[in-house]
Structure formats: C-alpha cells, structure tokens
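Here is a short briefing for you to read beside the model. Take a look at the structure first, then come back for the notes.

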Amino acid sequence: MASMETAAEHERILREIESTDTNCIGPTLRSVYDGQEHGLFMEKLDVRIRNHDREIEKMCNHHFQGFVDSITELLKVRGEAQKLKSQVTETNRRLQDDGKELISSMEDLKQCRVQQRNIATTIDKLTHCLPVLEMYSRLQEQMRAKRYYPALRTLEQLEQTCLPRAGQYRFCSIMAENIPKLRTQIRDTAMTQLRDFLESIRKHSDKIGETAIKQAQLQRSLDSSVSTQPRALIGRRGRKEAVAAIGLGTDSDGQGGSPVSEQDSGILDVEDEDEDDDVPGAQDLVDFSPVYRCLHIYTVLHETLEGYRRYFNQIVGFFVVEDHVLHTTQGLVNRAYVEELWELALSKIVAALRTHSSYCDDPDLVLDLKNLIVLFADTLQGYGFPVSQLFDMLLEMREQYGEILLKRWNITFRQVLDQDNYSPIPVSTEQEYRHYTSQFPLQDPELEKLPFPKKLPFSEFVPKVYCQLKEFIYACLKYSEDLHLSSTEIDDMIRKSTNLLLTRTLSHCLQYAIKKKNVGLAELVQVIINTTHLEQSCHFLEEFISNITNVPPDTVNATKLYGTSTFKDARHAAEAEIYTSLNAKIDQFLQLADYDWLAAVPVGGTPTASDYLIDLIAFLKSTFSVFTNLPGTPIEHATLPGKVAQTACMSACKHISTSLMQLLLDPEVRQISLGALHQLNIDVKECESFARAGPVAGFQGDTLLLAFSDLRQLLELFTQWDWSTYLADYGKPTCKYLRVNPHTALVLLEKLFKPMREMSRKNNVFAQFRKTDRDRQKLIDTIIKQLRNLIAQHHT
C-alpha cells in the first residue's frame with residue numbers, strides 16, 4: 001500500500017511539473033526531497049523524459065520531409081525576391097524621376113491658384129472700390145461745374161452706399177473726412193450766391209420796377225388799337241420799347257450792352273431781337289436760379305446746431321444794436337418802433353422754429369436746440385424784450401421731443417428683448433451680485449443667504465429695462481430744466497411721459513416678444529418671472545421720480561405710474577400664450593393617434609395605453625417637473641408660479657379630455673366597436689393616473705381628475721352597459737352619470753348600434769350576443785327612444 005501511494009504521489013508530482021510554470025516548480029521539487037523515495041522518483045523522471053524524447057523524435061520524423069520541402073521553396077523564393085526587389089527599386093527610381101516633374105508642375109499649379117485667387121480678390125475689391133472712385137470723380141466734376149445740388153445727391157450716395165461697401169482703405173477714410181467739408185463748402189457757396197443775388201436785386205430793383213410800370217402804361221395806352229393790331233404784337237413791341245427806355249436794350253450807337261455788370265448775379269442781359277421776337281417781361285429779367293439752388297441745397301442738407309446758433313446770433317446782434325440806438329439817441333428810433341419790430345420778428349422766429357424743428361428726429365439735437373432757444377430767450381429778456389412766446393413754443397416742442405424719445409426707446413427695448421437669452425442670471429461672485437443689484441432693486445433675503453455660485457430669478461432684460469426706464473426719466477428731466485416751471489409741473493410732465501413709455505412703447509414691445517414665432521414654454525415662463533419683478537419695482541420708480549423732482553409721491557393730484565397694470569397685462573398675455581402653446585404641443589401628440597375603431601375586444605394579455613399617449617404623458621411630466629422645480633430636478637429653468645402652473649396643468653388635462661371626446665364623436669368615424677371603446681378606456685385610465693399622481697402641487701384632493709369626469713362617466717356607461725341606472729337617475733344630483741349628456745350618449749350608441757344590425761349576418765365583435773340578438777336590438781331601440789325623449793324634454 002505504501003509503494004502504491006508513493007507511485008501515485010510521484011505520478012502527481014510529474015504531472016504537476018509538466019503542467020506548472022517553471023518559476024513555481026520549487027515547492028514541488030522540495031516535496032520530493034522531503035520524502036524518502038527520491039531515488040525512485042528520479043527513475044520515474046528518467047522514464048518520463050525518455051518517453052517525451054521518443055515523442056519528439058516521432059514528431060520530427062513526421063514533419064522532416066515538409067521542413068526540407070519548405071527550405072527548398074524558400075531558396076527558390078529568395079531568388080524571386082531578389083528579382084522583385086530589383087524591379088521595385090527600378091520602379092521607385094522611375095517614379096521619383098517622374099514625380100519630380102509632377103511636383104514641379106503642382107508647385108506651378110499652386111502658384112497659379114494663388115495668383116488666380118489674388119486676382120479674384122482684387123477684382124472683387126475693385127468692384128467695390130471703382131464705384132467709389134468713379135462717384136468721387138463725378139463729385140469733383142460737379143463741384144467744378146458748380147452743380148451743387150447734384151453734388152449733394154452724389155455725396156449722400158457716396159457716404160451711405162459706396163463707402164461702406166468698399167471697406168477700410170486709406171483713400172476711403174480721406175474721402176469720409178472730406179465729406180463734411182464738402183457739404184459745408186456747398187452750403188456756404190449757395191448762401192454766398194443767394195446773398196449776391198439779393199444784393200443785385202436790391203441794386204437793380206428800381207429798373208425792374210420801372211420796366212414793369214412802363215409795360216403796364218403802354219398796355220393801357222394801346223387798348224384802343226387792339227382791333228387793328230394783334231395784342232401779342234403790341235405787347236412784344238411795348239415791352240421792347242420799355243426795355244430800351246431804361247437802357248436794358250441797345251445803345252444809341254448800336255452796340256449791345258447792359259447796365260448790369262457780369263458780376264451782378266440775378267440780372268439777365270437782353271440783346272437785340274427781331275421785330276417778331278418776344279421781349280422778356282419785368283419778372284423775366286431776373287435769373288432766380290440762385291434762389292432755387294439754395295432752397296434745394298438747404299432742403300437736402302440736415303439741420304445742424306451750428307446753423308441755429310448763427311441764426312440766433314444774427315437776431316440777437318440786430319436787436320442789441322437797435323436797443324443801444326434806442327437808449328443812446330434822441331428821436332432816431334422810439335420804443336414803439338422797436339417793440340413792433342420785435343413782435344414781427346418774434347412771430348416769424350416762432351413760425352420758423354416750429355417748421356424746422358418738426359423735421360428733426362434726433363432727440364439730442366432737439367435738446368441742444370431747446371438749450372440754445374432758452375439761452376437766446378434769456379439774452380433778449382435781459383435787454384427788456386418779452387419772450388413768453390418762445391417758452392410757450394418750447395412747451396409745444398416738449399410733446400415732439402417726447403414722441404422722438406418714445407421712438408428711440410422703442411428700438412432700444414426691441415433690441416434688449418431680442419438679445420435676451422430668457423434664462424436666470426448666473427452669478428459667481430459677490431461683485432457680480434452687487435453689480436446686478438445696483439442696476440435693479442432686488443430684495444430677496446433668502447437669495448442673499450445662498451452660497452455662490454447662485455442664480456438670480458430673472459433674466460438680463462429685467463435690469464436692462466429698469467435702467468432704460470431711468471434713462472428715459474433723466475432725458476425727460478433734461479428738457480424740463482430751465483423752462484421756469486415749478487417742481488410740481490416738472491414732476492407731472494415726467495410722470496405723464498413715463499406712463500406713455502410704459503403703456504404704449506414698452507407694452508407693445510413686450511407683446512411683440514410674447515407673440516413672435518418660435519417662443520418656447522421656457523421663454524414664456526421667464527417672461528412671467530421678469531414682468532413680476534418689474535411690477536414689484538414700480539414703487540421704486542415712483543420714489544426715483546420723487547427724488548429727482550423733490551415732489552412727494554403722495555402729493556394731491558399727483559399722477560400715478562401705470563407700470564403695475566402694464567406688467568400685469570404682459571404677464572397675463574404670457575400666461576395665456578403658455579396655455580395656448582401647451583395645448584398646441586398636445587395637439588401635435590394627438591395628431592399621432594391612430595385608433596382602430598372596429599377593433600375586436602382584446603382577449604387575454606395585459607392591455608397597454610397607446611404609444612402616442614404614453615409619449616404625451618411623459619412630455620407633460622417632464623414639463624411640469626421642470627417648471628415647478630419638483631425635488632430631484634435641476635434648477636436651470638425659471639419656476640412657474642404656483643397658480644399659473646395649476647391653471648396650465650388643468651388646461652392641459654381638459655384639452656386632452658375634450659380632444660379625446662371629439663375623436664370619439666367625430667362625424668367621420670361612422671362605426672365604433674366595443675374593442676375601440678376598451679382601448680380608449682385604457683388611455684383615459686393612463687391620463688387619470690397622471691392626474692392622480694399630482695404633477696403640480698396645490699390641487700385639493702382629486703380636483704385634477706374632474707377634467708376627465710365627462711369622458712370617464714361616458715365610457716363607464718358603455719363598457720358596463722349600465723343604461724338602467726342612467727335612465728332611472730337622470731337629472732338627479734346623485735346620479736352616477738351626471739356628466740353624460742343624452743345627446744352625446746345617443747350619438748355614440750348609434751355608432752355602436754349601426755354595426756350590430758349586421759352582426760346577425762357577419763361574425764364580428766357582437767358575436768357573443770348572437771343568441772339574444774332580437775332581444776338586444778329591442779333593448780337598444782328602447783334606449784334610443786328614451787334618450788330622444790330626454791333630449792326633447794331638455795329642449796322644451
């Protein structure tokens with residue numbers, strides 16, 4: 001027994017040596033030497049080694065011929081490999097030689113492509129630059145030809161169209177710098193020509209008048225000869241004689257001439273004409289082109305403050321001289337004359353300012369003009385001239401200034417709303433937080449306790465809109481300064497203008513932002529949050545106006561700001577848009593509904609809701625979980641206010657219920673099976689499960705389930721076939737099917753009854769009623785008759 005155990009142990013050790021890694025063979029060998037039979041083990045080891053040697057020899061003998069054949073084939077391949085190597089080397093050499101030519105050609109092609117691209121770029125730039133140069137050349141020609149009105153049109157086209165397209169080039173910058181100088185040159189030249197014209201007219205007005213008088217005299221003296229001589233011929237001869245009489249015709253020595261020098265602008269030279277030629281009349285002797293040219297040029301040129309300043313300086317200078325003459329001379333002028341002259345001038349000044357200021361659409365220019373008029377009025381008032389009409393006109397201009405401000409702030413508000421991302425503002429540091437709270441009066445102790453980073457509840461447009469409201473108030477205050485108004489009057493003017501900004505401009509901009517396309521539910525929720533905070537800030541605006549006008553907000557008859565109603569209306573519009581958008585999204589899911597209205601009643605298996613409804617419920621859960629900040633949802637969106645969320649959820653459930661009812665009663669659906677009603681019943685149960693889960697907090701009990709009560713009672717009536725209870729308890733407050741309208745029940749029953757008449761001939765969903773078809777039909781006829789009686793009683 002001991003020898004057998006020893007042999008078995010040695011066999012185990014040998015198998016372990018054969019199967020074990022050589023690194024781990026030490027413990028195995030040690031177990032051999034620890035025993036007493038290591039000699040026997042060595043014998044067994046030798047036997048095992050000889051056995052393996054014989055197996056190796058057999059294997060080598062078996063594969064030897066294949067090895068020899070492989071060596072022979074390898075020697076053959078070596079020769080072929082040498083030939084292939086030589087061929088590859090030669091092919092590579094020829095390829096490199098040919099490739100050098102190709103690379104050279106590619107480099108040339110690359111250079112050509114670069115040149116082609118540069119040429120195309122140059123052509124493109126020249127296409128934009130050449131019109132600039134051509135237009136500037138045309139401008140120079142028009143200036144040399146003294147065609148100033150077309151030159152102004154060319155300047156405008158050059159500045160507004162050509163130069164912006166050309167890009168940033170040095171010659172474009174030089175041209176842009178020269179444009180104001182050219183305008184000034186044209187304006188000064190036109191005014192110089194007009195002055196020369198006026199001087200010339202004043203110099204020769206006596207001759208022109210004399211010509212007109214003599215023409216009239218000749219016309220009267222020749223009335224008796226009308227019957228013998230054509231009137232037109234007399235007129236021509238008479239005018240020619242009159243012209244000759246004042247020296248505007250031919251001289252006595254036959255030399256043509258004119259008493260007006262070539263430098264006298266506005267007077268035409270008149271040459272000898274034949275007897276039948278028409279001689280110019282008195283008004284035809286004057287060239288009015290300087291007047292029309294100056295008028296057109298000043299029509300094209302925009303108003304500048306410098307022009308108004310020169311206008312006022314000239315008027316002040318004139319009346320300062322008149323006042324000095326009045327007080328330093330005796331009898332040369334009297335006060336009545338100066339006052340009459342001032343009244344005349346004042347009426348013309350006011351009319352001119354009203355006309356010219358009405359064309360101005362720049363609030364800064366209107367404000368500067370107002371300050372200039374105030375300085376002008378104060379200066380003349382210091383010399384004793386009455387200027388109340390000027391201040392009355394400034395109050396009229398205040399309305400125009402307010403309208404211009406409203407137009408500018410309308411653009412500003414639109415830009416603020418368009419650029420907003422409608423997301424809560426993230427703040428990472430105390431500095432950022434103080435930056436926003438300095439722009440908008442946010443008072444939220446709970447938010448201040450939260451650690452950084454945190455998010456403000458409103459988006460960027462809240463502080464921007466609030467700052468713009470303050471800027472508007474400052475702009476209104478600037479105009480009201482120095483108009484000799486009381487603090488109460490200034491306060492009232494500012495409040496009325498601010499109310500116009502709130503109720504008209506900002507309100508329209510908010511409505512535009514809410515109603516524009518592609519506004520998502522998240523953006524609408526953020527609008528509600530933003531308008532809520534702006535509404536809460538209205539009393540801060542009241543205090544702001546009171547502080548800058550020094551008028552307490554509780555003053556009697558003080559105008560109140562309408563900001564609260566403005567933001568409240570915008571919030572209500574956003575809420576209504578949320579309900580509309582949510583229902584529109586629900587409609588998109590409902591369009592995917594594809595009921596088989598003739599489906600058989602399912603037998604066995606677990607019924608499941610329709611796929612479209614499962615997706616719809618998942619969408620509603622996700623939407624309300626995010627917008628109401630339920631636990632476990634990230635705070636990355638604005639939180640929908642509680643009542644708004646409840647209304648939106650109830651509206652969504654009612655819309656689903658109504659839509660499913662419409663699908664059931666659709667006139668296009670002529671037949672409905674009990675199987676279809678069972679599927680619709682499963683879908684309604686899925687909706688009720690959603691409502692029962694409380695997607696929005698704040699509903700009491702099963703309030704949200706009431707949205708599906710009409711549909712639930714109708715389906716239970718048909719699936720349970722409980723007509724006896726319905727007909728017996730109809731009209732009672734405790735009726736189980738109180739919300740089932742008899743007309744609705746009749747329509748649905750007729751859709752079910754129509755196929756039942758054919759069931760006796762066809763195997764369909766009502767095959768289970770085959771034994772009692774006749775009794776069932778009588779029962780249905782009775783139910784239909786009773787329903788019609790109920791409908792008739794309800795109408796009467």
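The notes below cover confidence, a surface patch, cysteines and salt bridges.

This is a predicted model, in which local features need pLDDT of at least 70, side-chain atom pairs count only at pLDDT 80 or more, and totals for chains, interfaces and linings use all residues. Residues are numbered from 1 along each chain as its sequence is written, and side-chain values use heavy atoms, with hydrogens and water left out.

**Confidence**
- The protein chain averages a pLDDT (the predictor's confidence in each residue, from 0 to 100) of 80, and 84% of the residues score at least 70.
- Confidence is highest in helix α14 (residues 461–480), at a mean of 93, and lowest in helix α6 (residues 231–245), at 42; helices here are DSSP runs of H or I, at least four residues, numbered from the N terminus.
- Residues 270–279 stay under 50 in pLDDT, and the model gives them 23 contacts beyond four places in sequence, a contact being heavy atoms within 4.5 Å.
- Residues 630–638 also stay under 50, with 17 such contacts.

**Surface patch**
- F64, F67, I71, L74, L75 and V77 form a nonpolar surface patch with about 610 Å² of accessible area together (Shrake-Rupley method, 1.4 Å probe, only the protein chains shown counting as cover; patch residues have over 30% relative accessible area and no salt bridge, with nonpolar side chains joined within 5 Å and like charges within 9 Å).
- L75 lies in helix α3 (residues 38–144) and is partly exposed at 49% relative accessible area (buried is under 20%, exposed over 50%, partly exposed in between).

**Cysteines**
- The structure holds zero disulfides, defined as pairs of cysteine sulfur atoms within 2.5 Å.
- For C172, the nearest cysteine sulfur belongs to C129, 5.6 Å away.
- C172 is buried, at 6% relative accessibility, whereas C467 is partly exposed at 25%.

**Salt bridges**
- The whole structure has 21 salt bridges (a Lys or Arg side-chain nitrogen within 4 Å of an Asp or Glu carboxyl oxygen).
- E90 pairs with R94 at 3.7 Å between the closest N and O atoms; both lie in helix α3, four residues apart, and E90, R93, R94 and D97 are linked in a salt-bridge network.
- R434 and E430 meet at 2.6 Å, N to O, and are about one helical turn apart because they sit four residues apart in helix α12 (residues 430–439).
- E577 and K515 meet at 3.4 Å, N to O; E577 is in helix α18 (residues 563–590) and K515 in helix α15 (residues 487–515), so the pair ties together parts 62 residues apart in sequence.
- E577 counts as buried, at 18% relative accessibility.

How values were computed: Helices (H or I, at least four residues) and strands (E, at least two) are DSSP runs, numbered from the N terminus. Buried means under 20% relative accessible area, exposed over 50%, partly exposed in between (1.4 Å probe, protein chains only).
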